[in-house]
Amino acid sequence: GGSFVTCWDERAVLNVTREDIKEWWVEMGGLWKQLRHRDPRRSGWFLQQLIKILVVNFKHMDLGGHFLVWDADMVLLREMEFMANTKFLLYEADNWKDYVADHYLASAAKLLNFKDDPTWPGQQCHDCVSHFMLVNAAHMREMVLEIADGDASLRGRALARHIIMKLPKEPEELGGIGKKAWNKARDALSEYTLNAEWLLYKHPDDVEIVHKAFVRLRFSGMGFGSLTRCNAVSRMRECLAESPERLNESVPVENLHYIGI
């Protein structure tokens, strides 16, 4: 008996709303003020990133020394390992190995103060935005403190605002100008890149990069996250057979370990 699932209202985890984030964008001005007017719904996406970063300080539930963050629209297809002996496994999407997410890296470098560190080697994980991460709570708290510039008094809402306000403000910092820069700004906060770059630089002996194929299904007119046509793993092969061109790359289903729908 007993429940194995506890659900928390995200407002209890982090006392921040989408309206707060949009107001902070306006304060930032420039590119971010444009984002407020051109894609206000994107504030919800940023809120989710903040929750996944700052849940480590959530006092009402003991997450333990390690916990797994897993995006809800990822369907696991087969068993996966998250640790090898004492090392954390960082999954790099093998079929995206040539992809360089410079906007993710730019924001990670700014938030983690790597830009001012001459010993930082630069991007170390080409696509660790694998939509899940095993978290070492102590390392994550250490990372959050670095993002807060060593100010341990910054918590909750104040820390969330600090993170948003610390993001790169100039288009050139995000690797583009004009529309390209605006598109990069709307994706400019990756909790997965933050975690990966922090661990690889500060705790390299604790992690190992492994390669697994991952793919997102995109069905016409429905965008990401739609369960309308692929609402179960049993339908996945049918969906791929109906629309194989929807694969990001040509990856045999047998090589996939999980899929986004």
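## Asn 113 and helix H5

Just after H5, Asn 113 adopts a positive phi of about 60°, although Asn 113 is not a glycine. Most residues other than glycine have a negative phi. Asn 113 sits in the loop between H5 and strand S5 (132-136); helices (H or I, at least four residues) and strands (E, at least two) are DSSP runs numbered from the N terminus. With a relative accessible area of 24%, Asn 113 is partly exposed; under 20% counts as buried, over 50% as exposed and the range in between as partly exposed (1.4 Å probe, protein chains only).

Helix H5 covers residues 102-111, and eight of its ten residues are buried, so the helix is largely enclosed by the rest of the structure. The buried residues of H5 are His 103, Tyr 104, Leu 105, Ala 106, Ser 107, Ala 108, Ala 109 and Leu 111.

## Model and chain

The model is predicted: local features need pLDDT of at least 70 and side-chain atom pairs count only at pLDDT 80 or more, while totals for chains, interfaces and linings use all residues. Residues are numbered from 1 along each chain as its sequence is written, and side-chain values use heavy atoms, with hydrogens and water left out.

The chain has ten helices and seven strands. Of its 261 residues, 48% are buried. Among contacts (heavy atoms within 4.5 Å) with a separation of 6 or more, 78% join residues 24 or more positions apart.

## Asn 85

Asn 85 belongs to the loop between strand S3 (83-84) and strand S4 (87-93). Its relative accessibility is 79%, so Asn 85 counts as exposed.

## Packing around helix H9

Helix H6 (residues 137-147) and helix H9 (residues 191-202) have axes that come within 11 Å and cross at roughly 100°. Axes are lines fitted to C-alpha atoms, for helices over the stretch in contact, and angles between N-to-C directions run from 0 to 180 degrees. H6 is therefore roughly perpendicular to H9, a label for angles of 65 to 115 degrees (under 35 is roughly parallel, over 145 roughly antiparallel, the rest oblique). On the H6 side the contact is made by His 139, Met 140, Glu 142, Met 143, Glu 146 and Ile 147, and on the H9 side by Leu 194, Asn 195, Trp 198 and Leu 199. These residues divide into six nonpolar, two polar and two charged; Ala, Val, Leu, Ile, Met, Phe, Trp, Tyr, Cys and Pro count as nonpolar, Asp, Glu, Lys and Arg as charged, and the others, Gly among them, as polar.

H9 also packs with H4, at an angle of about 35° and with the axes 9 Å apart. In this contact Gln 49, Lys 52 and Ile 53 of H4 meet Glu 191, Tyr 192 and Leu 194 of H9. Three of the residues are nonpolar, one is polar and two are charged.

## Nonpolar cores

The largest nonpolar core has 51 residues, and Trp 32, Phe 46, Leu 189 and Leu 194 have the most contacts inside it. Such a core is a set of buried Ala, Val, Leu, Ile, Met, Phe, Trp, Tyr and Cys residues joined through side-chain atoms within 4.5 Å. Helix H4 (residues 42-54) gives the most to this core, with six residues.

Beyond its neighbours within four places in sequence, Leu 194 is in contact with Ile 53, Ala 108, Leu 111, Leu 112, Met 143, Ile 147 and Leu 189.
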